[in-house]
Amino acid sequence: MRTPQSPTTMKNPPSESPLEHLRMPVQATLAAAWTSVMFLYIYVDYLALYKPGVVDDILAGVVHEFDTGPVFLALGLSLMAIPSLMILLSMTLPARANRTLNLVVATLFIPVSIYNADGESWAYSYFYGLSIGLEVLILAFILRTAWTWPRRTASPAPLAVSVEGEPVRTPRQA
C-alpha cells in the first residue's frame with residue numbers, strides 16, 4: 001500500500017541539502033522582481049539628490065533639464081506607477097495575460113532605465129552604471145522568468161489499483 005504524500009512533497013523532490021527549498025510560484029517571483037525594480041528606482045532618485053546642485057535645480061523648478069510643472073509631475077508619476085502596478089498585476093492576472101504583460105512592460109522599461117544616464121557627467125558614471133546595470137539585470141530576469149513560464153502538460157491518467165495493489169487492466173491492455 002502506498003503512503004499518501006502531500007502536494008508539496010510531490011512538487012519538491014527531496015534533495016541532499018539539509019535546508020528545504022520550496023519552488024516559488026512564477027507570479028510571486030515576478031512580483032518580487034518588480035518590487036526590486038521599484039526599490040532601485042526610489043533609492044537611485046533619492047541618492048541622486050546628494051549630487052551638488054541637484055536640490056538647487058529642483059528648487060529652481062528644473063529636473064534633468066525639464067521644467068517641474070504639472071505635466072512633468074504627472075509623467076513622473078505615470079512612469080513610476082507602471083512598475084508599482086506590475087507588482088499587483090503579477091500576482092493577480094491570469095497566466096497568459098500576466099506573461100504577455102510582463103514581457104511587454106519589461107522590454108519597454110529597459111530603454112527607460114538606460115535613459116536615466118543621459119546627460120550625466122562622467123564623474124557619476126559608476127553610480128549610474130551600477131544602478132542602470134542592476135535595473136537592466138532585474139528586467140532581464142523578469143523577461144526570462146515570463147518567457148520560460150512553465151506550461152501545463154497533460155498528465156497521464158493514473159491506473160486503477162486492485163485490492164492486492166496490482167494495476168487493473170482493461171480488456172485492451174490484457
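## What "buried" means here

A residue is called buried when its relative accessible area is under 20%. Keep that cut-off in mind as we walk through this predicted model.

## The chain as a whole

Let's begin with the overall layout. The chain has six helices and two strands. Starting at the N terminus, the elements follow the order α-α-α-β-β-α-α-α.

How much of the chain is buried? Of its 174 residues, 21% are buried. The accessible surface comes to about 13300 Å², and carbon and sulfur atoms account for 67% of that area. Contacts tell us about the fold too: among those with a separation of 6 or more, 68% join residues 24 or more positions apart.

## Helix α5 and its cover

Now look at α5, which runs over residues 95–115.

Which residues of α5 are buried? They are N98, R99, N102, L103, V105, A106, F109 and S113. The cover over these buried residues includes α2, α4 (70–92) and α6.

## The largest nonpolar core

In soluble globular proteins, nonpolar side chains tend to be buried together. Here, the largest nonpolar core holds 19 residues, and the members that touch the most others are W34, V37, A106, I138, L139 and I142. Helices α2, α5 and α6 (125–147) each supply at least two residues of this core. The largest share is from α2, which gives eight residues.

If you set aside its neighbours within four places in sequence, V37 is in contact with I138, L139 and I142. A106 links this section to the previous one: A106 is among the buried residues of α5, and A106 is also one of the core members that touch the most others.

## A lysine in a loop

Finally, find K51. K51 sits in the loop between α2 (26–48) and α3 (54–59). Is K51 buried or exposed? Its relative accessible area is 12%, so K51 counts as buried, the cut-off being under 20%.

What does K51 touch? Apart from its neighbours within four places in sequence, K51 is in contact with E120, Y124 and Y128. With Y128 there is also a polar contact between the two side chains, at 3.0 Å.

Notes. Residues are numbered from 1 along each chain as its sequence is written. This is a predicted model: local features need pLDDT of at least 70, side-chain atom pairs count only at pLDDT 80 or more; totals for chains, interfaces and linings use all residues. Side-chain values use heavy atoms; hydrogens and water are left out. Helices (H or I, at least four residues) and strands (E, at least two) are DSSP runs, numbered from the N terminus. Buried means under 20% relative accessible area, exposed over 50%, partly exposed in between (1.4 Å probe, protein chains only). A polar contact is a pair of N or O atoms within 3.5 Å; within protein, one must be able to donate a hydrogen and the other to accept it, and residues adjacent in sequence count only if both atoms are side-chain atoms. Contact means heavy atoms within 4.5 Å. A nonpolar core is a set of buried Ala, Val, Leu, Ile, Met, Phe, Trp, Tyr and Cys residues joined through side-chain atoms within 4.5 Å. Accessible areas come from the Shrake-Rupley method with a 1.4 Å probe; for residues, only the protein chains shown count as cover.
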